Amino acid sequence: MSGGHLDDTICAIATPMGEGGIGIVRVSGPHAIPFAAQIVALRNRCDLHRAHNHRLYLGDLLVPKRQQQTSPNPSPERLDEVLVAVMRGPRSYTGEDVVEIHCHGGPLILQMACEALIQAGARLAEPGEFTKRAFLNGRLDLTQAEAVLDTIRAATTIGLRIAQDQLKGELGQRIARMREELIALLAHLEAGMDFVEEDVSFIEDREIDRTLERVLDELSRLLETADQGRIIREGLVTAIIGRPNVGKSSLLNALLQANRAIVSHIPGTTRDTLEECLNINGVLLRLVDTAGLRDAADCIEQEGIRRTNEAVHQADLLLIVLDGSHALHPQDLELLSLEPEKRRIIIINKSDLGLQISESEIFGHLRNQNFFSVPPQLVCLSAKTGMGLDMLRTSIQSLALGSSLEAPHSILVSRLRHKTALIEAKIGLEQARRALARGLSSECLALDIRTALTALGEITGEVSTEDILDKIFSEFCIGK
Ligand SMILES: Nc1nc2c(ncn2[C@@H]2O[C@H](COP(=O)(O)OP(=O)(O)OP(=O)(O)O)[C@@H](O)[C@H]2O)c(=O)[nH]1
Ligand SMILES: [Mg+2]
């Protein structure tokens with residue numbers, strides 16, 4: 001990204017490529033209105049320069065005749081009937097003058113409108129550049145800019161609500177309040193440093209410690225939400241595992257309600273992992289079907305099993321499938337206690353055939369090893385008839401969202417970038433508390449507090465580098 005030149009005027013097609021009822025071209029910058037005025041003529045002798053803010057005007061899109069483009073003053077050609085809105089800065093998305101031209105949604109029309117704007121002097125916007133300008137002009141903090149992207153990408157209603165809360169600025173405000181407390185603390189400490197000789201103390205150690213403790217508590221509370229926040233934003237990576245032929249692929253198909261994976265009575269049907277996304281009661285599930293685990297016969301199967309192990313490793317949730325129509329196999333027992341720190345649902349499948357495995361038998365095996373981070377859940381079902389699938393959906397929802405079964409109402413930390421910065425801030429403040437307890441100088445204390453302040457400032461963008469901004473905004477599409 002070329003950087004923060006706010007003195008030029010950018011344009012882009014803001015709607016997706018392809019045919020649609022309408023398509024919008026957006027221009028932003030100091031010359032947005034004069035450039036747009038070169039390509040649209042308003043009806044009823046209205047002048048775009050004098051157009052009211054936030055009002056739609058009917059007009060004609062006029063572009064230079066193609067064959068005449070090289071001549072100095074090509075006479076324009078009417079291309080489309082359009083609606084135009086002018087939003088003067090700072091009351092616009094970017095904080096600059098913005099003009100939106102609503103054309104008919106054909107890719108050629110939109111492209112020609114964009115080209116005409118470029119001929120008039122605008123520059124094609126880079127991905128996320130409109131939102132980046134909104135940030136640079138103080139319309140949004142970084143957490144809100146990221147929430148714009150999360151809003152666009154949300155795949156579940158819960159994900160959308162979390163993004164909207166963040167877009168309202170609630171996370172940014174929580175961070176800002178912590179920063180204010182720390183800045184006030186620093187000011188006291190630094191005032192004290194100037195009067196070291198006189199032995200004047202501007203703030204009691206006890207008070208410093210109390211403030212640090214308060215901010216640390218708040219940091220911990222936010223960090224506790226990070227796991228759930230990530231799952232809601234990115235989806236719950238869920239691996240279906242089990243011995244061959246237990247019905248893993250059948251379960252994937254049943255949940256998807258589609259014949260996605262090949263199912264057969266021959267053990268070893270699935271050889272490669274297969275991933276599909278689906279929405280289960282508001283939770284985005286990234287469901288991975290895997291090759292059955294057994295002592296592999298050939299090298300293809302060995303590779304399949306290596307991929308299964310990898311999927312297990314990357315999963316947030318394990319669906320461990322057992323064939324309920326047969327007695328438990330020693331290898332089933334191994335699977336039950338795989339990666340004990342992970343959430344798991346043990347599934348007794350093929351319940352329609354009559355069960356040879358009982359729930360108490362399974363719990364008997366688990367009771368010997370009560371070392372799971374999250375208590376395992378158990379569901380009996382039939383992937384074939386669909387019986388018990390609703391129970392499974394409820395179990396998945398409760399494991400993802402916690403016991404409430406409701407989407408959380410408080411602010412969630414949903415990005416790794418935020419989590420990393422919060423941890424950094426926490427480390428800084430813990431160090432400051434230790435320095436205080438050991439009676440180290442105010443300078444040492446101030447240094448640690450400043451580290452925490454910088455980390456927190458990176459979340460909202462008070463502290464930002466071109467690298468951070470590039471990374472964030474390059475994820476966006478052009479025109480946003
Ligand atoms: N009766 C009954 N049969 C089932 C059920 N689930 C799966 N099957 C059958 O069990 C066989 C194996 O099913 P798959 O879904 O291919 O099993 P898998 O675990 O994916 O097997 P691999 O890919 O070989 O590891 C097929 O013949 C299915 O029709 C069930 O709930 N009830
Ligand atoms: Mg399979």
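# Domains, ligand shell and selected residues

The protein chain is divided into domain 1 (10–140), domain 2 (147–225 + 414–461) and domain 3 (235–401). The model is a predicted one.

Reader: How far apart are the centres of domain 1 and domain 3?

Author: Taken over C-alpha atoms, the centres of domain 1 and domain 3 are separated by 53 Å.

Reader: Turning to the ligand, which residues come nearest to ligand 1?

Author: There are 24 residues around ligand 1, and G247, S249, S250, T270 and G292 come nearest.

Reader: Which helix gives the most to that shell?

Author: Helix α9 (residues 248–256) does, with three residues.

Reader: And how does the shell around ligand 1 divide by class?

Author: The shell has seven nonpolar, 13 polar and four charged residues.

Reader: Now the backbone. Which peptide bond is cis?

Author: The bond from G89 to P90 is cis, and its omega is near 0°. P90 belongs to the loop between β5 (76–87) and β6 (98–105). As background, most peptide bonds are trans.

Reader: What is phi at N281, and where does N281 lie?

Author: N281 is a residue other than glycine with a positive phi, near 45°. N281 sits in the loop between β9 (274–280) and β10 (283–289). Most residues other than glycine have a negative phi.

Reader: What about phi at K350?

Author: Phi of K350 is also a positive value, near 65°. K350 is placed in the loop between β12 (343–349) and α12 (359–367).

Reader: Is K350 buried or exposed?

Author: K350 counts as buried, because it has 25 C-beta neighbours inside 10 Å and the cut-off for a buried residue is 20 or more. N281, with 16 other C-beta atoms within 10 Å, is partly exposed.

Reader: How far apart are G354 and G457?

Author: From C-alpha to C-alpha they are 60 Å apart in space, and 103 residues apart in sequence.

Reader: Let us move to helix α16. Which of its residues are buried?

Author: In helix α16 (residues 466–473), the buried residues are L469, I472 and F473. They cover an arc of only 85° around the axis, so they lie on the same side of α16.

Reader: Which residues of α16 are exposed on the other side?

Author: D467 and K471 are exposed there.

Reader: What covers the buried residues of α16?

Author: The cover includes α3 (129–136) and α4 (142–153).

Reader: Next, the largest nonpolar core. Which residues touch the most other members?

Author: That core has 113 residues, and V25, I101, A113, L117 and I347 touch the most other members. Its largest share, seven residues, comes from helix α15 (residues 442–460).

Reader: What is V25 in contact with?

Author: Leaving aside neighbours within four places in sequence, V25 is in contact with C11, I13, A14, I101, C103, L110, A113, C114 and L117.

Reader: A charged residue next. Is R174 buried or exposed?

Author: R174, found in helix α6 (residues 170–193), is buried, with 21 other C-beta atoms within 10 Å. Not counting residues up to four places away in sequence, R174 touches L222 and I411.

Reader: And S414, what is it in contact with?

Author: S414 is in contact with I162, G229, R230, I232 and R233, leaving aside its neighbours within four places in sequence. S414 lies in the loop between α13 (389–401) and α14 (416–437), and it is buried, with 26 other C-beta atoms within 10 Å.

Reader: How far is S414 from I158?

Author: S414 and I158 are 12 Å apart in space, C-alpha to C-alpha, and 256 residues apart in sequence.

Reader: Finally, where is R123 found, and what is it in contact with?

Author: R123 is found in strand β7 (residues 123–124). Leaving aside its neighbours within four places in sequence, R123 is in contact with D8, T9 and I10. With 16 C-beta neighbours inside 10 Å, R123 counts as partly exposed.

How values were computed
Residues numbered from 1 in each chain as written. Chains lettered and ligands numbered in written order. Predicted model: local features only at pLDDT ≥ 70, side-chain atom pairs only at ≥ 80, totals over all residues. Near = placed C-beta within 6 Å. Helix = DSSP H or I, 4+ residues; strand = E, 2+ residues; numbered from the N terminus. Nonpolar A, V, L, I, M, F, W, Y, C, P; charged D, E, K, R; others polar. Domains from an automatic or database assignment. Buried ≥ 20, exposed ≤ 12 C-beta atoms within 10 Å, placed from the backbone. Arc of directions from axis to C-beta. Contact = placed C-beta atoms within 7 Å. Core = buried A, V, L, I, M, F, W, Y, C linked by C-beta atoms within 7 Å.
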